[in-house]
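Please look over the sequence and the structure below, and then read the briefing that follows.

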Amino acid sequence: MSRAAPTLQDELDLLIDRARRAGALAQHLKAQGLNISYKSDGSIVTNADLEVDLWLKEALLDARPGYGWQSEESPDTPARLTQSHLFVLDPIDGTMGFTKGSPYWTIALCLVQARQPVAAVVYAPDAQEMYSAGKGLGAFLNGEPIRASATTDLSVAQGIGDARLFGRDIWPEPWPKMNITSRPSVAYRMVCVAAGRADFTLALTPKRDWDVAAATLICHEAGAIVSDHLGQAYDFNAPDSLKASLICANSGLYPEIRRRCAALPSLETL
């Protein structure tokens with residue numbers, strides 16, 4: 001007798017379990033002392049990034065052998081384009097913060113089906129925060145439901161990201177003075193919006209599928225809106241994993257942020 005196909009809750013439970021175990025592995029490796037090297041683009045990578053990636057690949061594909069794989073720390077192959085189910089992940093998002101002792105690095109992991117995430121986790125082991133969502137199932141932090149904030153006024157909004165961006169002379173219209181905090185993980189910034197801890201995050205630098213896929217579903221399920229700066233919604237498992245930019249905001253602030261971004265010249269000229 002063939003086994004029944006996993007339910008969406010089964011998929012989410014798998015991601016939560018494997019992310020939790022991977023987090024313990026990363027913490028163990030960090031406690032032993034990290035080996036740091038540099039990629040060709042100058043970004044850092046540690047032995048923990050690579051070992052967590054290898055462990056998750058084995059642990060997830062053993063449980064779901066027919067699924068595809070796309071990770072920041074694995075070579076990309078066109079085989080994923082033909083697979084109906086795809087794991088997309090960043091084994092450690094916010095590696096620089098991870099090496100410097102910030103508790104806000106994450107493991108960002110999701111399952112993509114029909115070019116959209118259907119189950120996702122963003123796990124911050126040192127902060128003891130497990131964000132999760134299933135499509136149509138809602139968004140959660142440590143098992144408790146979360147919702148994006150209801151803030152509608154930028155002048156009182158709590159932003160998260162690079163505060164210098166809002167003071168640059170690229171903007172035709174100055175931004176109001178806002179409280180902007182920083183976190184090293186893009187996925188963590190986004191789930192802070194999902195949880196109402198921040199009202200928005202904005203980045204005009206490119207992101208990859210593994211940076212944003214998991215948090216995109218969590219934000220959507222929490223009532224937040226995610227797109228690039230032109231208002232284009234994301235899809236995933238395309239030949240090119242690059243996303244030009246990121247707007248992630250509650251529904252009350254998103255239209256105003258999108259309006260301001262629409263007035264920008266081409267990002268290539270910034």
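By class, the lining of the largest pocket holds seven nonpolar, six polar and twelve charged residues, where Ala, Val, Leu, Ile, Met, Phe, Trp, Tyr, Cys and Pro count as nonpolar, Asp, Glu, Lys and Arg as charged, and the others, Gly among them, as polar. This is a predicted model, in which local features need pLDDT of at least 70 and side-chain atom pairs count only at pLDDT 80 or more, while totals for chains, interfaces and linings use all residues. Residues are numbered from 1 along each chain as its sequence is written, and side-chain values use heavy atoms, with hydrogens and water left out.

**Pockets**

- The largest pocket has a volume of about 640 Å³, a pocket being an open set of points on a 1 Å grid where a 1.4 Å probe fits, with protein on both sides within 12 Å along at least five of seven lines.
- Its lining consists of 25 residues, and Lys-39, Ser-43, Ile-44, Glu-72 and Asp-211 are those nearest the centre, where lining residues have an atom within 4 Å of a point.
- Two or more residues of this lining come from each of strand 4 (85-93), helix 3 (95-100), helix 4 (186-194), strand 13 (207-208) and helix 5 (209-221), helices (H or I, at least four residues) and strands (E, at least two) being DSSP runs numbered from the N terminus.
- The second largest pocket has a volume of about 390 Å³, and among its 17 lining residues Asp-162, Ala-203, Leu-204, Thr-205 and Lys-207 are the closest to its centre.
- Strand 12 (residues 200-203) gives the largest share of the lining of the second largest pocket, three residues, and that lining divides into seven nonpolar, four polar and six charged residues.

**Helix pairs**

- The axes of helix 1 (residues 8-32) and helix 2 (residues 47-63) come within 10 Å and cross at roughly 155°, with axes fitted to C-alpha atoms over the stretch in contact and angles running from 0 to 180 degrees between N-to-C directions.
- Helix 1 is therefore roughly antiparallel to helix 2, a term for angles over 145 degrees.
- By class, the contact of helix 1 with helix 2 has 13 nonpolar, one polar and three charged residues, contact meaning heavy atoms within 4.5 Å.
- The axes of helix 4 and helix 5 come within 9 Å and cross at roughly 5°, so these two helices are roughly parallel to each other, as angles under 35 degrees count.

Conventions:
Angles under 35 degrees count as roughly parallel, over 145 as roughly antiparallel, 65 to 115 as roughly perpendicular and the rest as oblique. Grid points are joined across faces, edges and corners, and a volume is the space filled by probe spheres set on the points.
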